[in-house]
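Have the viewer open while you read.

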Amino acid sequence: GAGTVTTFLNENGFAVDYTEDLAQISSPNQLFRYNAVIFYSTSRDTLDDAAQTALRQYIRGGGGFVGIHNAFGTEYNWPWYEGLLGGANYYDHGPNQPATVQTVDRRDASTAGLPERWNFTDEWYNLVPFPTNVKFLATVDENTLATQRSTHPGHGRFHPVAWCQYYDGGRAFTTTLGHD
């Protein structure tokens with residue numbers, strides 16, 4: 001949960017504030033105190049109009065965004081937010097299962113310390129539409145999945161699980177990983 005992520009980030013030298021209170025994020029001035037806003041397994045229509053406007057102004061002013069796991073199951077009917085996610089949206093996922101992640105770009109600061117291949121257990125989200133105009137960082141090797149989705153309409157064997165991009169004046173790092 002959020003406590004686990006907050007503890008992990010604090011242990012790795014990041015100062016973190018956590019909130020589910022929209023009043024805390026409904027002004028871009030409040031958000032500009034931070035290097036990034038993290039959506040960790042948010043769900044459905046999370047933001048009201050004021051919070052949407054604040055997030056958009058924050059990103060347009062050079063802010064950072066990190067979307068983790070079910071951030072892809074959030075704000076479905078907001079095209080700007082879908083763009084922040086790389087133009088991708090949650091479609092479905094198979095059972096929680098182990099597989100091998102391939103780091104496809106180890107030059108990025110977010111992936112520099114990762115091995116070329118590593119094992120991970122997750123739900124392995126399928127996305128429609130497929131992410132576009134992004135820098136792909138990691139994929140799942142579908143050959144290592146017990147339950148494969150090779151007929152999925154959004155992607156074939158190239159199944160991204162992390163990417164980054166510059167978007168509308170800001171920057172975004174997104175990953176479908178993080179169920180547990």
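## Ground rules

Two strands count as paired here if DSSP finds at least two bridges between them. The strands themselves (E, at least two residues) and the helices (H or I, at least four) are DSSP runs, numbered from the N terminus.

What you're looking at is a predicted model, where local features need pLDDT of at least 70 and side-chain atom pairs count only at pLDDT 80 or more, while totals for chains, interfaces and linings use all residues. Residues are numbered from 1 along each chain as its sequence is written, and side-chain values use heavy atoms, with hydrogens and water left out.

## How confident is the model?

The pLDDT (the predictor's confidence in each residue, from 0 to 100) averages 87 over the protein chain, and 92% of the residues score at least 70. Among the elements, the lowest mean belongs to helix 1 (residues 2–11), at 77, and the highest to strand 9 (residues 170–175), at 96.

Start with strand 2, residues 64–68. Five of its five residues are buried, where buried means under 20% relative accessible area, exposed means over 50%, and partly exposed is in between (1.4 Å probe, protein chains only). Both faces are covered: F65 and G67 sit on one side, G64, V66 and I68 on the other, and all of them are buried.

Strand 2 has parallel partners. Five bridges connect it to strand 1 (residues 36–40), running parallel, and F39 stands opposite G67 there. Another parallel pairing, also with five bridges, joins strand 2 to strand 9; in that one, G64 has R171 as its bridge partner.

## Aromatic pairs

A pair of aromatic rings is described by the distance of the centres and the angle of the planes. Rings of Phe, Tyr and Trp (its six-membered ring) pair if their centres lie within 6.5 Å; planes under 30 degrees apart are stacked, over 60 edge-to-face, and the rest tilted. A search of the whole structure turns up 14 aromatic pairs. One of them is F65 with Y81, edge-to-face at 6.0 Å centre to centre and 85° between the planes. This pair links distant parts of the chain, since F65 is in strand 2 and Y81 in helix 4 (residues 79–84), 16 residues apart. F65 is buried at 2% relative accessible area, and Y81 is buried at 1%.

Y90 and Y125 also form an edge-to-face pair, at 4.8 Å centre to centre with 65° between the planes. Y90 lies in strand 3 (residues 90–93) and Y125 in strand 6 (residues 125–127), so the pair ties together parts 35 residues apart in sequence. Y90 is partly exposed, at 23% relative accessible area, whereas Y125 is buried, at 3%.
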